[in-house]
Amino acid sequence: MNFFDLHCDTPYKCYEGALSFENQDLAVSSNGIISFDKWYQCFAVWINEEVENPFLYYKNVLNNFKFKLNVDKNILVPLFTVEGGTLLENDLERVNELKNDGIRALTLTWNGENQIASGVNAIGGLKSFGKQVIESLNDYGIATDLSHLNRESFFDAIEVTKYPIATHSCCDAIFPHKRNLSDEQIRLIAQNSGIIGLCLYPEFLGTGDVFLNVYKHIDHLLDMGLENHIAIGSDFDGADMDKRLAKITDIPYLYRKMNEYGIDMKTLNKIFFENAYNFFKL
């Protein structure tokens, strides 16, 4: 099967743990190539809001991971994103540096407030610098990742971005959580030609069977008529997962379970690969 994952935090894990990409303790490792015919993986560089010198930290994590990423590129196609706009530090020229580094999406905040906007644990909307950042992202063709934003910042940002994406979020209508998206937010992303990467973190999916919960979120989005706007954003290596759905090698089983629940393979192929591939125009 082909798979496109919009979000994992493996670069951070490799950097902080001094791990190789072959390390089997990682949720996303080189072992993943045995599971797919083609595998596109968005590797996020997570910027802790408290880290000193965040732009230097970003460079160190990114370069360290790129050096370790020695796998068959005929199967694994790596893409890079940044989770946390704190690294810009009020310097708009750094968006150009992100472009030069091959960054495909920027998550504007993590859970707190920064110079761009406010995350789910903060109050307030998009700031004037944040509007400039999104306009610059638009100019460079970099997607604006709306995951982690609070409602006010989200609704401000969706008015500005040309390339909206929620790389790792779930449906608030299925399981209420401050990190999940309301139906209104989801519709706005879709109406602006964006996609929603369904996160596999149980805290966002809900209690009970993890596979049934994934199905409930997908089914809700399908009921909204959004089969061309659903993707997967696992959050592997960034969150504590259900042991049955904890690694990249578990994805083929997830695909089969969704098919058993009644989602046809044509639709599943869109969700697991084609929609994200088309969004990034690869």
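Q: Does Lys 59 count as buried, partly exposed or exposed, and at what relative accessibility?
A: Buried means under 20% relative accessible area, exposed over 50%, partly exposed in between (1.4 Å probe, protein chains only). Lys 59 is therefore partly exposed, its relative accessibility being 21%.

Q: How far apart are the closest N and O atoms of Asp 101 and Lys 59?
A: The model is predicted: local features need pLDDT of at least 70, side-chain atom pairs count only at pLDDT 80 or more, and totals for chains, interfaces and linings use all residues. Residues are numbered from 1 along each chain as its sequence is written, and side-chain values use heavy atoms, without hydrogens and water. A salt bridge needs a side-chain nitrogen of Lys or Arg within 4 Å of a carboxyl oxygen of Asp or Glu. Asp 101 and Lys 59 form one, with their closest N and O atoms separated by 2.9 Å.

Q: How many residues apart in sequence are the parts that Asp 101 and Lys 59 tie together?
A: Helices (H or I, at least four residues) and strands (E, at least two) are DSSP runs, numbered from the N terminus. Lys 59 sits in helix α2 (residues 54-68), and Asp 101 in the loop between α3 (93-100) and β4 (103-107), so the parts they tie together are separated in sequence by 42 residues.

Q: Which residues are linked with Arg 94 in a network of salt bridges?
A: Arg 94 is buried at 16%. Its closest N and O atoms to Glu 89 are 2.5 Å apart, and those to Asp 91 are 3.8 Å apart. The network links Arg 94 with Glu 89 and Asp 91.
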